[in-house]
Amino acid sequence: MAEQARYEELIRQFSAFGAVKREMGRMMPSECPSGSAAVLTLLGRYGDMRMSKLSELLAVDMSVTSRHVAHVAERGWIERSPDPADKRSRILRLTPAGRSLLDQLSRRTCHMLAERMGDWSDDEVAQLTTLMARLRASFDDTRSHDTRIHGPEPRRPDPRPPAPPPVREQTTRTPAITQ
């Protein structure tokens with residue numbers, strides 16, 4: 001186990017990582033906030049799913065998931081259709097417009113990361129990805145342990161490294177028109 005000073009430095013780095021997340025958030029199109037991008041990313045990664053599964057993957061309450069889903073559906077990025085197995089449920093799926101936006105966000109994210117990490121070797125990027133996935137899995141394991149004690153059966157952590165979050169290009173913006 002690492003000594004306390006190492007954990008304290010890790011805490012400082014976590015705090016500083018907020019700046020990275022904020023910069024990535026500023027690069028998101030104004031009509032696609034991070035919650036919407038997360039919905040699109042998960043549907044792109046896992047395919048069609050029920051809202052309950054999406055809520056589980058987002059690790060947020062169903063009411064929060066519902067707001068995110070309404071936002072992306074209003075913009076035509078996903079469609080909701082009745083679940084043939086349970087007419088009370090809806091199946092969510094990306095539309096071609098949603099797929100196109102997701103592809104655009106992925107290209108922007110990769111471009112920004114490549115620009116900012118251009119002096120990193122491929123091995124360093126791979127090592128960071130592996131360690132971040134391991135850190136995330138450690139927290140998933142902790143959450144799973146808590147749910148075994150206090151609630152329903154835990155979900156298994158995704159062994160794949162996380163997809164990079166979508167990123168916006170820095171451009172002059174005009175206010176988004178809402179309906």
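User: Quick one to start: does Thr 41 count as buried or exposed?
Analyst: Thr 41 counts as buried because its relative accessibility is 17%. Buried means under 20% relative accessible area, exposed means over 50%, and partly exposed is in between (1.4 Å probe, protein chains only).

User: What sort of model is this?
Analyst: It's a predicted model, where local features need pLDDT of at least 70 and side-chain atom pairs count only at pLDDT 80 or more, while totals for chains, interfaces and linings use all residues. Residues are numbered from 1 along each chain as its sequence is written, and side-chain values use heavy atoms, with hydrogens and water left out.

User: OK, back to Thr 41. Where is it found?
Analyst: In helix α2. Helices (H or I, at least four residues) and strands (E, at least two) are DSSP runs, numbered from the N terminus. Thr 41 is 9.7 Å from Leu 94, C-alpha to C-alpha, though 53 residues separate the two in sequence.

User: And the whole protein, how many helices and strands?
Analyst: Six helices and three strands. Along the sequence they follow the pattern α-α-β-α-α-β-β-α-α. Of its 179 residues, 28% count as buried.

User: How do α2 and α3 cross?
Analyst: The axes of α2 (residues 34–46) and α3 (residues 51–58) come within 11 Å and cross at roughly 110 degrees. That makes α2 roughly perpendicular to α3. On the terms: axes are lines fitted to C-alpha atoms, for helices over the stretch in contact, and angles run from 0 to 180 degrees between N-to-C directions. Angles under 35 degrees count as roughly parallel, over 145 as roughly antiparallel, 65 to 115 as roughly perpendicular and the rest as oblique.

User: Which residues make the contact?
Analyst: On α2, they are Ala 38, Val 39, Leu 42 and Tyr 46, and on α3 they are Leu 54, Leu 57 and Leu 58. Contact here means heavy atoms within 4.5 Å. By class, that gives seven nonpolar residues, no polar and no charged ones. Ala, Val, Leu, Ile, Met, Phe, Trp, Tyr, Cys and Pro count as nonpolar, Asp, Glu, Lys and Arg as charged, and the others, Gly among them, as polar.

User: Now the sheet. What's the order of the strands?
Analyst: It's an open sheet of three strands in the order β1-β3-β2, with antiparallel pairing. β1 and β2 are the edge strands, each pairing on one side only. Two strands pair if DSSP finds at least two bridges between them.

User: How many bridges join β2 to β3?
Analyst: Six, with β2 being residues 78–83. Ser 81 stands opposite Ile 91 in β3, and Arg 80 has Leu 92 as its bridge partner there. A hairpin of two residues joins β2 to β3. On the β1 side (residues 49–50), two bridges link to β3 (residues 86–94), and Ile 91 is the bridge partner of Arg 50.

User: What about Ala 59?
Analyst: Ala 59 sits in the loop between α3 and α4 (62–74). Its phi is positive, about 60 degrees, although it is not a glycine. Most residues other than glycine have a negative phi.
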